[in-house]
Amino acid sequence: MINLLLLPIILPFFFAIILLFFKEKIQIQRALTLIGLVISFIASVVLMSVVKDNGVQSLTLGSWPAPFGITMVSDMVSVLLVTTSIVITFFIVMYSFISIGKERERFYYYPSVLFLLTGVNGAFTTGDIFNMFVFFEVLLMASYVLIVLGGEKKQLRESIKYILVNVISSALFVATIALLYSVIGTVNMADISVKITEIGQPGIITVIAVLFLLVFGIKGALFPLYFWLPGSYAAPPMPVLALFGALLTKVGIYAITRTYTLFFIHDLSVTHELLYVLSILTILAGCIGALAYFDLKHIMIYNIVIAVGVILFGVALMNESGMTGAMFYLIHDMIIKGALFLLIGIIIAITGTSNLRQMGGLMKTHAPLGWMYLIAAFGLAGIPPLSGFTGKLLIVKGAFEAGHVWGSIIILASSLIVLLSVIRIFIYAFWGEPVELKTTNRRAYRKMIIPATVLVVLSIVYGVGSEWFVPYMSDASKVLLNPSLYIDAVLKE
Amino acid sequence: MEFVMSIIIGILFMAAVYLILSRSLLRIILGTGLLSHGAHLLILTMGGLGGTSPPVLAEGVTDYADPLPQALILTAIVISFGVTAFILVLFYRTYAEHQTDNMNLMKGNDEHD
């Protein structure tokens with residue numbers, strides 16, 4: 001089964017195509033989406049065990065020799081991200097059954113979600129820089145459809161801005177690939193890495209590295225390039241926001257991580273210092289935003305920005321603790337952001353508003369929701385037994401090892417601000433005098449809270465059992481820190 | 001030849017940036033069109049403008065143009081074509097819904113939508 005590493009990309013794609021034929025049959029769409037996601041999950045878990053036992057898997061399509069065909073590469077980094085993406089999509093789809101509404105379900109909502117997952121998984125797995133551009137476009141086009149689906153006034157207005165920013169960054173991506181091709185003469189990522197090592201990273205390659213940072217920084221919401229994110233993400237309905245918040249910026253982070261650990265590793269003093277400074281500024285900007293708003297969605301959206309900064313800070317350190325910590329934190333952040341967005345989606349559905357000042361006293365009527373939210377909030381901030389702790393601990397340890405004392409202090413202080421921002425939601429929404437709620441359907445509420453609860457439980461398992469995940473994470477950071485493992489797997493003679 | 005192409009691509013990028021920074025929706029979309037033209041020409045130029053014959057196998061021809069950039073451009077063209085079609089319809093819908101094509105009037109937050 002050498003095609004195993006293609007299954008997490010092909011299966012969602014296949015099911016999305018099948019779904020196009022059942023536009024009006026919502027029950028069939030729901031069932032097929034869940035079946036497709038379960039099968040993809042099984043395939044990705046099998047793939048993960050194969051990667052764990054046999055090292056990096058690579059497959060050059062069409063049996064061409066490696067630098068000449070399109071290579072797909074599954075190392076521990078990509079297979080972990082692929083598996084997590086599938087799991088999160090599964091629970092968000094379950095949540096969508098209740099909350100997205102029949103009108104949207106009839107207009108290709110589920111196919112779009114599966115196409116988005118195809119693009120995300122493809123971008124995580126590809127070993128070819130132009131193919132990565134194509135998979136970016138696949139996921140972006142699906143996200144354009146999802147962000148505008150429904151056609152409310154606000155959605156139309158914000159999706160124009162979202163699409164415009166992404167069109168510009170895609171054009172920049174193409175231009176950057178063109179420049180890289182003119183210097184290196186190849187688009188295969190392993191081959192690019194070899195060629196850059198041969199010519200010893202002259203100045204032009206460093207310029208291209210910064211251009212890549214610009215391109216992926218727009219996708220991943222890095223400091224001066226995150227301006228589009230708060231407005232655009234607040235527009236679509238909650239499950240779409242959860243999907244975007246958990247998956248889309250992480251693709252940008254992954255692309256930065258991949259290029260900055262595989263290509264541009266010979267002049268760390270320029271590229272990685274820049275990444276280091278920008279990630280610190282990203283954390284600060286996110287912290288300011290998270291404290292500034294009284295709107296549930298905006299607080300959580302700025303928490304995405306903070307997490308982007310923390311992960312990229314871990315990557316910029318380029319030592320083992322930092323990289324392992326970044327991987328730990330990346331997976332944690334995908335799970336916990338999915339859970340938190342679903343939980344605040346339920347809060348918004350119950351209270352009918354996203355303004356903190358207009359809610360209160362939910363603990364008296366919806367106690368389980370309150371406890372779930374509290375656990376997820378502590379997990380996000382990184383209170384020890386929960387999932388955010390190990391990653392941040394390793395990143396801070398790596399920062400001290402690398403001598404970046406101020407960086408680690410800012411990371412630790414940012415945890416306090418994250419905690420403050422999410423606990424503020426808890427205090428305003430769950431404590432105090434109950435406000436009058438519109439009558440909600442208790443059955444729908446119970447059905448919505450199940451996927452959110454399972455995600456919270458997953459994050460608890462991930463935090464409590466972090467010992468089990470250590471071998472996987474250290475495998476991932478080993479591949480990132482030793483590009484030769486990746487190159488040998490692709491360019492095997 | 002590459003030098004001339006670089007100047008032209010620079011002018012295309014300049015015009016694209018100027019148009020994208022304007023207020024009218026239609027000018028913005030013209031800007032994205034120019035931007036993708038610039039990017040596609042950049043791939044072609046950066047692949048090198050050498051080679052005397054098209055990359056088609058033929059008897060006795062040895063000096064081919066580099067086929068890879070042409071394939072990359074073809075991919076990028078259809079992608080940007082799809083996205084442009086989507087944006088045009090989106091702009092049309094937005095114009096119908098908001099009754100304006102002025103980006104400055106498309107602000108708003110939750111308080112006043």
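Colleague: Which residues line the second largest cavity?

Modeller: In chain A, F136(A), L139(A), L140(A), Y162(A), N166(A), K219(A), W228(A), Y233(A), L248(A), V251(A) and G252(A) line that cavity. Keep in mind that this is a predicted model. The space in the second largest cavity is about 90 Å³.

Colleague: Why is it called a cavity and not a pocket?

Modeller: A 1.4 Å probe fits in a cavity but cannot get out, whereas a pocket is open. The search of the whole structure finds four cavities of 30 Å³ or more.

Colleague: What classes do the residues of the lining of the second largest cavity divide into?

Modeller: Eight are nonpolar, two polar and one charged. G252(A) is in the lining, and Gly counts as polar. K219(A) lines the cavity too, and Lys counts as charged. Three helices of chain A, α6, α7 and α11, each supply at least two residues of this lining.

Colleague: What is the volume of the largest cavity, and which residues lie nearest its centre?

Modeller: The volume is about 210 Å³. Of its 20 lining residues, V167(A), S170(A), A171(A), S36(B) and S80(B) lie nearest the centre. Those names come from both chains. The helices that each supply at least two lining residues are α6 and α7 of chain A, with α2 and α3 of chain B. By class, the lining has 11 nonpolar, eight polar and one charged residues.

Colleague: How many residues does the contact take from chain A and chain B?

Modeller: Chain A gives 32 residues and chain B gives 34 residues. Between them they bury an area of about 2900 Å², with 78% from carbon and sulfur atoms. R157(A), I160(A) and Y181(A) supply 22% of the area that chain A buries against chain B, more than any other three residues.

Colleague: Now a pocket. Which residues lie nearest the centre of the second largest pocket?

Modeller: P236(A), P237(A), M238(A), K297(A) and I348(A), out of 24 lining residues. About 500 Å³ of space lies in this pocket. By class, its lining has 11 nonpolar, five polar and eight charged residues. The helix α14(A) gives the most to the lining, three residues.

Colleague: How do you know that the span of α14(A) agrees with what it should be?

Modeller: Count 1.5 Å a residue for its 32 residues, and the span should be 46 Å. The end C-alpha atoms are 46 Å apart, so the two agree. After the helix comes G352(A), with a positive phi near 75°.

Colleague: What makes α14(A) mostly covered?

Modeller: Buried means under 20% relative accessible area. In α14(A), 30 of the 32 residues are buried.

Colleague: Why is α9(A) said to be largely enclosed by the rest of the structure?

Modeller: The same cut-off applies. Of the 18 residues of α9(A), 13 are buried, so the helix is largely enclosed. From first C-alpha to last, α9 of chain A reaches 25 Å, close to the 26 Å expected. A221(A) follows, and its phi is positive, near 60°.

Colleague: Why is L416(A) called exposed?

Modeller: Exposed means over 50% relative accessible area. L416(A) has 61%, so it is exposed. This residue is found in helix α18 of chain A.

Colleague: How many residues lie between L416(A) and C287(A) in sequence, and how far apart are they in space?

Modeller: They are 129 residues apart in sequence, and 9.7 Å apart in space, C-alpha to C-alpha.

Methods:
Residues numbered from 1 in each chain as written. Chains lettered and ligands numbered in written order. Predicted model: local features only at pLDDT ≥ 70, side-chain atom pairs only at ≥ 80, totals over all residues. Heavy atoms only, no water. 1 Å grid on protein atoms, 1.4 Å probe; cavity = no way out; pocket = protein on both sides within 12 Å on 5 of 7 lines; lining within 4 Å. Points joined across faces, edges and corners; volume = space filled by probe spheres on them. Helix = DSSP H or I, 4+ residues; strand = E, 2+ residues; numbered from the N terminus. Expected span 1.5 Å × (residues − 1). Buried < 20%, exposed > 50% of the residue type's maximum accessible area, 1.4 Å probe, protein only. Contact = heavy atoms within 4.5 Å. Buried area = accessible area lost by both parts, 1.4 Å probe.
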